[in-house]
Amino acid sequence: MPATRHVALVIEATNAYARGLLHGVAQYTHERGHWTVYFEPHSLEDPPPKWLKNWRGDGILARIGSRRMARAVLNAGVPVVELRRILSIPGVPVIGPDHDAVARLAAGHLRERGFRQFGVVGLPRGVDPPLDHRVDAFVEQIKQTGLPCSVFPAQRDSSLAQEQRSMARWIRSLPKPVGVMTCNDTRGLQVLRSCVSIGVAVPDQVAVIGAGNDDCVCSLCHPPLSSVDLAPETIGYEAAALLDRMMARRRPPAQEIYVPPRGIVTRLSTDVLATPDPAVSKAVGFIRSHACDHILVGDVLEHVKLSRSALEPKLKQVIGRTIHQQIRRVQIERAKVLIATTDLPTKQIAAQTGFRYVQYLTRVFRKTTGLTPAVYRKRMRR
């Protein structure tokens with residue numbers, strides 16, 4: 001049996017993302033069975049825990065929010081893995097969400113719903129650099145499509161009431177319909193509250209998607225908020241595995257480690273197709289309902305009563321995909337859910353998602369995600 005490792009968790013437990021990290025660490029410790037964990041609930045703004053000053057252990061997993069906390073963690077003289085990336089600390093590896101992938105998912109989700117006007121809401125610049133990165137990545141994603149994207153001018157030192165008024169003015173100024181991404185779910189709640197205050201319909205005029213998939217916050221929103229699932233359990237698990245390697249005197253990686261998001265949890269705040277073209281709406285709705293029923297392009301054309309040459313250019317203009325590509329996208333998204341959340345064999349999943357052969361599902365799935373169904377299931381189960 002390996003020697004018992006004494007590990008401090010300097011991670012707050014005041015939000016769903018941080019608790020997800022702790023769940024991932026817990027899973028790792030249950031699998032390995034040779035960690036003794038030191039943990040005391042606190043918030044990100046709290047001073048370093050007093051017990052850390054005289055603590056003698058083997059490693060630390062931390063989300064560092066201040067230089068004071070950084071000094072306390074480093075003074076312990078043990079390997080450290082950082083899970084926040086606010087401060088650059090030499091020799092301390094960082095692991096966290098892939099903000100580029102988060103922005104890419106959110107932009108694709110809104111584009112798929114036909115939006116051609118976009119907005120993004122972050123925090124005041126410099127308050128949380130990783131979230132600044134997420135906002136910038138979303139703007140870049142939209143820029144690459146040649147479509148406009150407005151950035152909410154968040155100001156430091158604004159009161160909640162002042163910011164709410166500023167946000168309402170910004171939303172009123174946006175061309176409608178518009179798809180808005182927020183850097184986290186709390187910002188999404190604020191945007192939806194502003195929409196209610198000025199009588200803007202969600203999702204018909206403004207569709208909103210957040211990031212973090214904090215189920216409590218998303219459910220408090222009206223309507224409930226769609227959000228990108230950042231896979232915090234996977235991040236916590238991988239951070240624990242990295243710390244274990246470092247405690248065994250293996251060299252830490254020189255580059256930051258970015259974990260891709262698990263996917264999008266769609267709720268009512270983006271449940272809309274922003275197009276006045278009834279044929280496109282009818283085609284997308286039919287594909288969404290029947291893509292896994294072995295339908296072909298001809299079935300869609302028959303339902304809409306248009307030729308391929310008439311419908312396909314309209315569809316590509318609104319959602320950026322051909323009829324066949326949209327069918328495949330819905331099938332793969334359904335397959336991802338079944339692979340991640342059930343124990344069904346791949347052969348049965350292929351049958352339930354409209355693929356006649358399991359080999360074909362595997363080939364298309366790997367081309368789309370870069371992973372085989374088996375590897376994808378293993379990663380998502382973490």
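**Close-up views of a predicted protein model**

**View A. Asp 157 sits in the loop that runs between S7 and H5.** Helices (H or I, at least four residues) and strands (E, at least two) are DSSP runs, numbered from the N terminus. The model is predicted, so local features need pLDDT of at least 70 and side-chain atom pairs count only at pLDDT 80 or more, while totals for chains, interfaces and linings use all residues. Residues are numbered from 1 along each chain as its sequence is written, and side-chain values use heavy atoms, with hydrogens and water left out. Although Asp 157 is not a glycine, its phi is positive, at about 65°. Asp 157 is exposed, with a relative accessible area of 80%; here buried means under 20% relative accessible area, exposed over 50%, and partly exposed in between (1.4 Å probe, protein chains only).

**View B. Helix H5 covers residues 160-173.** This helix has 14 residues, and the distance from its first C-alpha to its last is 20 Å, close to the 20 Å expected at 1.5 Å a residue. The expected span of a helix is 1.5 Å times one less than its number of residues. Which residues of H5 are buried? They are Glu 163, Gln 164, Ser 166, Met 167, Ala 168, Trp 170 and Ile 171. An α-helix has 3.6 residues a turn, so residues three or four places apart point the same way. The cover over the buried residues of H5 includes strand S6 (118-121), strand S7 (149-151), strand S8 (178-182), helix H6 (185-197) and strand S9 (206-211).

View C. Arg 249, by contrast, counts as exposed at 81% relative accessibility. Arg 249 has a positive phi, near 70°, in a residue other than glycine.

**View D. Leu 268 is in contact with Pro 203, Pro 223 and Pro 224, leaving aside its neighbours within four places in sequence.** Contact means heavy atoms within 4.5 Å. Leu 268 belongs to the loop between strand S12 (263-265) and helix H9 (278-290), and Leu 268 is partly exposed, with a relative accessible area of 47%. Pro 203 lies in the loop between H6 and S9, and a cis peptide bond joins Val 202 to Pro 203, with omega about 10°. Pro 223 is found in the loop between helix H7 (215-220) and strand S10 (226-229). The peptide bond from His 222 to Pro 223 is also cis, with omega near -5°.

**View E. Helix H12 spans residues 323-341.** At 1.5 Å a residue, the 19 residues of H12 should span 27 Å, and its end C-alpha atoms are 28 Å apart, which agrees. The buried residues of H12 include Ile 323, Ile 327, Val 330, Ile 332, Leu 338 and Ile 339. Arg 328 and Lys 336 are also among the buried residues of this helix.

**View F. Gly 108 lies in helix H3 (residues 99-112).** Gly 108 is partly exposed, with a relative accessible area of 25%. How far apart in space are Gly 108 and Ile 319? Their C-alpha atoms are 8.9 Å apart, although the two residues are 211 residues apart in sequence.

**View G. Glu 31 is placed in helix H1 (residues 16-32).** Glu 31 is partly exposed, with a relative accessible area of 44%. The C-alpha atoms of Glu 31 and Arg 267 are separated by 34 Å, and the two residues are 236 residues apart along the chain.

The whole protein contains 15 helices and twelve strands. Its radius of gyration is 23 Å, close to the 21 Å that the globule rule gives for 382 residues, so the protein is as compact as a globular protein of that length. The radius is taken over C-alpha atoms, and the globule rule is 2.2 Å times the number of residues to the power 0.38. Buried residues make up 52% of the 382 residues.
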